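Morning, everyone. One chain today, a few minutes. Please bring it up on the screen.

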Amino acid sequence: MVDEIITVSTPYLPGYRIIKTIGFTWGLVVRSRGLGRNITAGLRSLAGGEIHEYTELLNQSRAQALSRLKDHAKELGANAVIGVQFDSSEISYMTELLAYGTAVVVEKESEKTSPVRLG
């Protein structure tokens with residue numbers, strides 16, 4: 001068992017063998033900017049270009065959702081999550097960000113592994 005939950009976007013984990021599939025795991029965050037930041041971002045959007053306030057909000061939310069996903073996977077007894085993806089949506093003035101994947105238990109391969117070949 002590893003101390004840190006391994007997360008990958010692929011359906012496999014090179015160098016490891018999946019010995020148990022636990023199931024769906026997720027981390028959810030719903031956040032909003034304060035009124036002042038929303039006004040600043042709104043004014044900035046008039047000029048065009050990147051809106052740093054929202055970029056920062058989404059980066060922080062993504063990191064928090066991934067952390068919550070790892071915590072949930074650990075509670076389920078997993079030591080890895082495969083197929084990790086993110087989804088986001090707007091709820092009024094709030095942003096919802098969801099990280100999800102499949103919680104699994106993996107063990108290090110004892111033999112040298114070869115590259116995965118598809119097809």
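Start with the sheet. It is open, has 4 strands in the order S1-S3-S4-S2, and its pairing is mixed. S1 and S2 are the edge strands, each pairing on one side only. Strands here are DSSP E runs of at least two residues, helices are H or I runs of at least four, and both are numbered from the N terminus. Two strands pair if DSSP finds at least two bridges between them.

This is a predicted model: local features need pLDDT of at least 70, side-chain atom pairs count only at pLDDT 80 or more, and totals for chains, interfaces and linings use all residues. Residues are numbered from 1 along each chain as its sequence is written, and side-chain values use heavy atoms, without hydrogens and water.

Now confidence. pLDDT is the predictor's confidence per residue, from 0 to 100. The chain averages 85, and 81% of the residues score at least 70. Strand S1, residues 6–7, is highest at 97; helix H1, residues 35–47, is lowest at a mean of 59. Where pLDDT is low, the predicted coordinates should not be read in detail.

Back to S1. It pairs with S3, residues 80–91, in the parallel sense over 2 bridges. Ile 6 has Ala 80 as its bridge partner in S3.

Next, two residues. Is Phe 24 buried or exposed? Phe 24 sits in strand S2. Phe 24 is exposed, because its relative accessible area is 51% and the cut-off is over 50%; buried means under 20%, partly exposed in between (1.4 Å probe, protein chains only). His 72, in helix H2, residues 52–76, counts as buried at 17%.
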